[in-house]
Amino acid sequence: MALTLRSSTSFINLKETKSFKTPDDFLGTICFAQIKPSCRLRTRNSMSMQEAQLPYGKISISEERNSEKREKLHGLTTSHNENNSKVPVFVMLPLDTITLGGNLNKPRAMNASLMALKRAGVEGVMVDAWWGLVEKDGPLKYNWEGYAELVQMVEKHGLKLQVVMSFHQCGGNVGDSCSIPLPPWVLEEISKNSDLVYTDRSGRRNPEYISLGCDSIPVLRGRTPIQAYTDYMRSFRERFRDYLGRVIVEIQVGMGPCGELRYPAYPESNGTWKFPGIGEFQCYDKYMRASLEAAAEAIGKKDWGKGGPHDSGHYKQFPEETGFFIRDGTWNTEYGQFFLEWYSGKLLEHGDRILAAAKGTLYGTGAKLSGKIAGIHWHYRTRSHAAELTAGYYNTRYRDGYLPIAQMLSKHGVVFNFTCMEMRDGEQPEHANCSPEGLVRQVKMATKTAGVELAGENALERYDAGAYAQVLATSISDSGNGLSSFTFLRMNKRLFEGDNWRHLVEFVKSMSEGGRKISECDSRGTNLYIGFIREKNVEKMKEAALV
C-alpha cells in the first residue's frame, strides 16, 4: 500500500548489563557491525530530468511570487539545494516518545539511540508535541516537562530538533501504534456539539481534528480553535525560549489530520477507507454547510449550497464508478468548479489563518516554520485526480492545485514539507493509476515558482537501498529546486538492524556530500551513485551504549 501517513513503532527493547561502574554510565549496549560499502545505492536520474510543462489552467490564488517585501522568518531562505550541497537528514522519533503521563518514554533507550544517530551523521530528530498530552489537564494548563527532558538530551548529543505542533489525534491511521486523542476537555465539547469535527455525507463524524468550519467561532470554552492553537504555540515559545533557533531549529505547524493541510478524506479506522479508494468530501458539519450555502447564494446559485456533490461516490470506489469523478464528469462542469474552488479555498484559508498565527507567535525565534502537505499519488494519472480533490487539493489535469498552496506558504515564509519522496511509479499497482514521481515533479515546479523551500519525508517505513536511492534522486536538481532537508520515517528497532543501519549511514553520508557521483563506467551519464562508496571503508561505528 502506498500512503502518506506516518508509521511508527515503540522504542527499542534493551537488555541491561552490569559492565558500567556508576548509575550515570550506560547500562546496556548495542553493537553495530563494521559498516562496509559492500553494495551500491543506485538511483535513476528521472527526478532530475527537465520537467515538462503541463497545460494547467487558472489558479484560484495569486500572489506576487517574487515580491522583495515578503516577510521571511529569521534564518529562512528561499534558495533551494544546489548540486553537491549538503542536504541535512533528520530522523522521526516514535509516536509514543512522550508517555500519556507526560514523561519521556524509556529515557535510557532514547539516550543511546540519539548517540547512535549522532555517530551516523544525522543532523537531528523530529518529535510530535501532542496537544492531547500537553494541554490534557484543562484549558491553558500545559505540561512540557517530558519534552524539556528530550530537548536537553538532544542538545547533549549535539543534535538538532524539529518539533511538530500536533493538533490532531494519534490513532486510526496507517502505522499508528498508540492512541493519543485530543485533550479530554476538547472531547467534552465535541460530545456536546458533534459538529465541531469533520463530517461526511452519511453523517459519519471524524474525531481526528477540529473542523476548519469553526476556526473563528469560540467553541472551545470561550476560545476559537485558532486562539487555542495560538496559546499553545505561545506556551511552547515561552517554555523553550532558550533553545529556539539553537537546538530547536524547525517548528512544523499541524494544520489537519496527521498534521497535514488536508481534509480527513481517507480514514482507515474501522475499515472506512481502503487504498486506492477515492475518499469522500468532508463538508457536512453545520459550519461547513453554512459556509457553502453563503457561497452559493453570493453567486445567485442557491441550489448549489444544499450540500456536496450527490454523485461523488463512496470511500472505496474508483473514479470511473462515479458520476462526479469520471473522465468528463461533474467535476469539470460549472457546478463542479464552483464546489471545488469553495472546498479547496476553505482549506487554503485555514492554512493561512494558522500560519499567520504561528508567524505572529514564533517570528524572530530563529526557528524555521514548516507545513506538511500530503502526497496523494493514487489516481494521479486520471483527469480528475479524485483522491486529491476529496482531500482538498484542487489539482486536475487542467489545473495546478499545488501552486496556490506553495504561494500561501511562501507568503508566511514557511517551508513546504512533502511526502512520498521514496516512491517510484513502477512499484505501484497499475489499477491505482499512481504516479508519485509525477506528483513530486509537479510539487518541485510549484515550490520553485512560488519561491519557497521544499523539504521531504518518506511516506512509508522503508529501509531498502532502492528507496534511499529514489530520495537521493529527488533531493538534487539541476534547476535549483532540490530538497533543503529530509526527515526519515522512523526510528525504531528495525532501523538499527544489520543492513538497515548500514543503508541509513550510507544514505546520510551521501546526502551530506551532495548525493551524486556519476559512475566512470556509465558513458551516458544516466546512473547516479552514492559518492562515498568508492572509499574502502566507512568509519567504523564504535560500540554505542544503550541506557
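**Exercise 1. Which residues touch the most other members of the largest nonpolar core?**

Start with the term: a nonpolar core is a set of buried Ala, Val, Leu, Ile, Met, Phe, Trp, Tyr and Cys residues joined through side-chain atoms within 4.5 Å. Buried means under 20% relative accessible area, with a 1.4 Å probe and protein chains only. The largest such core holds 146 residues, and W131, Y147, I248, F339, F416, F418 and L495 touch the most other members. Next, look at who supplies it: helix α7 (residues 334-362) gives the most, with 13 residues. Helices here are DSSP runs of H or I with at least four residues, strands are runs of E with at least two, and both are numbered from the N terminus.

A word on the model: it is predicted, so local features need pLDDT of at least 70 and side-chain atom pairs count only at 80 or more, while totals for chains, interfaces and linings use all residues. Residues are numbered from 1 along each chain as its sequence is written, and side-chain values use heavy atoms, leaving out hydrogens and water.

**Exercise 2. Find the contacts of F418, leaving aside its neighbours within four places in sequence.**

Contact means heavy atoms within 4.5 Å. With that cut-off, F418 meets I373, A374, G375, L439, V440, V443, L454, A455, G456 and E457.

**Exercise 3. How do α11 and α12 pack?**

Take helix α11 (residues 465-475) and helix α12 (residues 498-512): the angle is about 10° and the axes are 10 Å apart. That makes α11 roughly parallel to α12, a label for angles under 35 degrees. Now list the partners: A465, Y468, V471, L472 and S475 of α11 meet N500, H503, L504, F507, S510 and M511 of α12.

**Exercise 4. Which residues of α4 are buried?**

In α4 (residues 184-192), they are W185, V186, E189 and I190. Seen down the axis of α4, these fall within an arc of 150°, so they line one face of the helix; the arc is that of the directions from the helix axis to the C-beta atoms. They pack against α2 (131-134), β6 (197-199) and β7 (205-210).

Key:
Buried means under 20% relative accessible area, exposed over 50%, partly exposed in between (1.4 Å probe, protein chains only). Axes are lines fitted to C-alpha atoms, for helices over the stretch in contact, and angles run from 0 to 180 degrees between N-to-C directions. Angles under 35 degrees count as roughly parallel, over 145 as roughly antiparallel, 65 to 115 as roughly perpendicular and the rest as oblique.
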